[in-house]
Amino acid sequence: MSSWFKRKEKGIQTATEEKKDTPKGLWYKSPTGKIVESEDLAKNFYVSPEDDYHVRIGSKEYFEILFDDNKFKELDANLKSKDPLKFVDTKKYSERLKAAEQKTGLKDAVRSAVGKSMGKELVVSCMDFAFIGGSMGSVVGEKISRAIDMAIKKKIPFLMISKSGGARMMEAALSLMQLAKTSAKLAQLAEAKIPYISLCTDPTTGGTTASYAMLGDINISEPGALIGFAGPRVVKDTTGKDLPDGFQTAEFLKEHGFLDFITHRRDLKKNVNLYIDLITNQPIRS
């Protein structure tokens, strides 16, 4: 007797770009099974109140959290990626760019802005995982570099919020060049004695970790964030050893000296500005 229902295709069929990170609709279910109203989640800095799970958010939400009254000036808002290599995998890269732009309303995987945070100016570059997995291409490198230029020119502290799957391989070596380019710019920022805080959020991996994400004067993270270069499976296969519990979580990295602090999202604005006041030897703002 054959069953009345037959699955035609095997495996999970959801395309990566269809998977949702930020809550849509009225309810959000955290990985531990806690259900929270989306409105309550937003009021709680996009952290599930019952289990403290930090939901992945993008530049829109981080700018809301960090800038006073959500007032800021976006920098280089219209920079877009080109397809110099005419790259094709299962789809043309040019088509992927178009689809990502339509789906997210973003021009690329990072947005930069300047505005007041606790009354003092701050330059923020924030990555968006929703745009091709927060991958770092030429535009990402250029926008971060220009944001650093603005910080140097105006003598304003710089905050980088990383959320990335790594280098954008559809741009091949052009993408890898961004590691050197952003690192060189950060060296200029350090020379100018302007504070740089790096916030690693879930996930911070690949070339992003291998460049600007780990070069902060202070490296901070959110609780439970995945941070690493290669994924756990690759590390395990390469070393041939079982990995310790919590490997590549923010907590594990802090314990092993890679991070200075882990900050809850509700304290993010206060802590970022506290670190800036301490680094610059200014009176602490309350």
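Where does Leu26 lie relative to strand S1? Leu26 lies in the segment before strand S1 (27–29). Strands (E, at least two residues) and helices (H or I, at least four) are DSSP runs, numbered from the N terminus. The model is predicted, so local features need pLDDT of at least 70 and side-chain atom pairs pLDDT 80 or more, while totals for chains, interfaces and linings use all residues. Residues are numbered from 1 along each chain as its sequence is written, and side-chain values use heavy atoms, without hydrogens or water.

Leu26 is exposed, at 67% relative accessible area. Exposed means over 50%, buried under 20%, and partly exposed in between (1.4 Å probe, protein chains only).

Helix H3 covers residues 93–104. Its twelve residues should span 16 Å at 1.5 Å a residue, and its end C-alpha atoms are 16 Å apart, which agrees. The expected span is 1.5 Å times one less than the number of residues. Tyr93, Arg96, Leu97 and Ala100 are the buried residues of H3. Seen down the helix axis, they fall within an arc of 100°, so they line one face of H3. The arc is taken from the directions from the axis to the C-beta atoms. Lys98 and Gln102 are exposed on the other side of H3. Gly105 follows H3, with a positive phi near 75°.

The structure holds zero disulfides. A disulfide is a pair of cysteine sulfur atoms within 2.5 Å. The sulfur of Cys126 is 12 Å from the closest cysteine sulfur, in Cys200, too far for a bond. Cys126 is buried, at 0% relative accessibility. Cys200 is also buried, at 0%.
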